[in-house]
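Keep the structure open beside you as you read.

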Amino acid sequence: MRIDIISIFPEYFAPLSVSLMGKARERGILDIRLHQLRDWAHDVHHTVDDTPYGGGPGMVMKPEVWGEAIDAVIARSAGEFPGASIASGGTSGDGVVAGSSGGIAGESLVSGLEGEVAAVGGPVAGRTPRLIVPTPSGRRFTQSVALEYAAEPWLLFAPARYEGIDSRVMVEYASRLRVDEVSIGDYVLAGGEAAVLVMVEAVARLLPGVLGNANSVTDDSFAPGAMQNLLEGPVYTKPPVWRGHEVPEILLSGHHGKIARWRRDEALRRTYIRRPDLLPAVQDLDKADRQALA
Ligand code: SAM
């Protein structure tokens, strides 16, 4: 998967070189490119914001700078993804990501991360990226949205600062790209970078080959299938008794059927207690499920 991120704080994304994300990049499963937004601000101070029309506190990010940056990042990739184009969102014309070659005026990869990502080979189903704009006023980011994004070959994130990006940017690109304004929760962060980190990690761990055990994904809270709309129950490891607290006996029994039933019961109970709002959407509750909730 190719991921481009345009931000005034590209250094914020250093954690994407650590742990599972770092390994996924080394293995070529993830190709992450960071771009400094200010490289497309042409005044001496590289200004990216201005006062809001209509008055009010704070500043708004300028449309010209974001427009140039998004066009340039996509144009640059056109050389890497044959068929990638800013003009329209076609889905034919598979291409191959050929690695970081060439460049465009005004673009710099962040030092320290530059060249760290290996060239990635593989088919690219779409010609344009899905543009993801984090905002508290967006569609809620959930595990289903993460799964949706994990099926995309190319994501372009546009995290804002201040009061956000001039709204005309999203209107402009909606005519050419799939644009999602997405919120990671009902609270307000200082900037979109942390939201991008959250989304990239949630998406990347769903990509084949990123997790050592693919079953971890299907057993997770919210996973499609049996865990849809359920929280995972408690988990334990050795020793069997720690500070007087015992591991539930059933988990030591070796009886797979009973363990699966216990896990399901615990997931149902935990969801009932901590997130009762999720339960109405749980499909196909059977008799044993109903007993667990009684
Ligand atoms: N005035 C904006 C509002 O009330 O919707 C909040 C702006 S916030 C200070 C600056 C930026 O942080 C946003 O434009 C967005 O990129 C990011 N951000 C803040 N909270 C977020 C959230 N819950 N989900 C996604 N992005 C968020």
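## Around the ligand

The shell around the ligand is made up of ten nonpolar, seven polar and two charged residues. For that tally, Ala, Val, Leu, Ile, Met, Phe, Trp, Tyr, Cys and Pro are nonpolar, Asp, Glu, Lys and Arg are charged, and the others, Gly among them, are polar. Bear in mind that this is a predicted model: local features need pLDDT of at least 70 and side-chain atom pairs count only at pLDDT 80 or more, while totals for chains, interfaces and linings use all residues. Numbering starts from 1 along each chain, as its sequence is written.

Which residues come nearest to the ligand? Out of 19 around it, they are Pro134, Ala160, Gly164, Leu189 and Gly192. To be near, a residue needs its C-beta atom, placed from the backbone, within 6 Å of the molecule. Strand β7 (residues 130-140) gives the most to this shell, with four residues.

## The chain as a whole

You'll find eight helices and eleven strands in the chain. These are DSSP runs numbered from the N terminus, with helices being H or I of at least four residues and strands E of at least two. Of the 294 residues, 30% count as buried. Buried here is 20 or more other C-beta atoms within 10 Å of a residue's own, exposed is 12 or fewer, and partly exposed is in between, with C-beta atoms placed from the backbone.

Among contacts between residues at least 6 apart in sequence, 74% join residues at least 24 apart. A contact is a pair of C-beta atoms, placed from the backbone, within 7 Å.

## Helix α1

Helix α1 (residues 19-26) has Met21, Ala24 and Arg25 buried. Looking down the axis of α1, the buried residues fall within an arc of 100°, so they line one face of the helix. That arc is taken from the directions from the helix axis to the C-beta atoms. They pack against β2 (31-36) and α5 (193-204).

Arg25 is worth a click: it's buried, with 21 other C-beta atoms within 10 Å. Just after α1, Gly28 takes a positive phi of about 80°.

## The nonpolar cores

The largest nonpolar core has 50 residues, and those with the most contacts inside it are Trp66, Ala69, Ile70, Ile132, Ala158, Met199 and Val200. A core here is a set of buried Ala, Val, Leu, Ile, Met, Phe, Trp, Tyr and Cys residues joined through C-beta atoms within 7 Å. Elements giving two or more residues to this core include α1, β2, β7 and α5.

Leaving aside neighbours within four places in sequence, Ala158 is in contact with Ile6, Trp66, Ile70, Leu131, Val133 and Ile165. A second, separate core of five residues includes Ala223, Leu230, Ala267 and Leu268.

## The annotated binding site

An unreviewed UniProt entry carries a "binding site" annotation on Ile184, Gly185, Asp186, Tyr187, Val188 and Leu189. Its positions use the numbering here, feature names are shortened, and annotations may be inferred rather than shown by experiment.

Is Asp186 buried or exposed? Asp186 counts as exposed, with 7 C-beta neighbours inside 10 Å. Val188, in the loop between β9 and α5, counts as exposed too, with 9 C-beta neighbours inside 10 Å. Over in strand β7, Pro136 is partly exposed, with 16 such neighbours inside 10 Å. Setting aside neighbours within four places in sequence, Pro136 is in contact with Ser183 and Val188.

Methods. Two residues are in contact if their C-beta atoms, placed from the backbone, lie within 7 Å.
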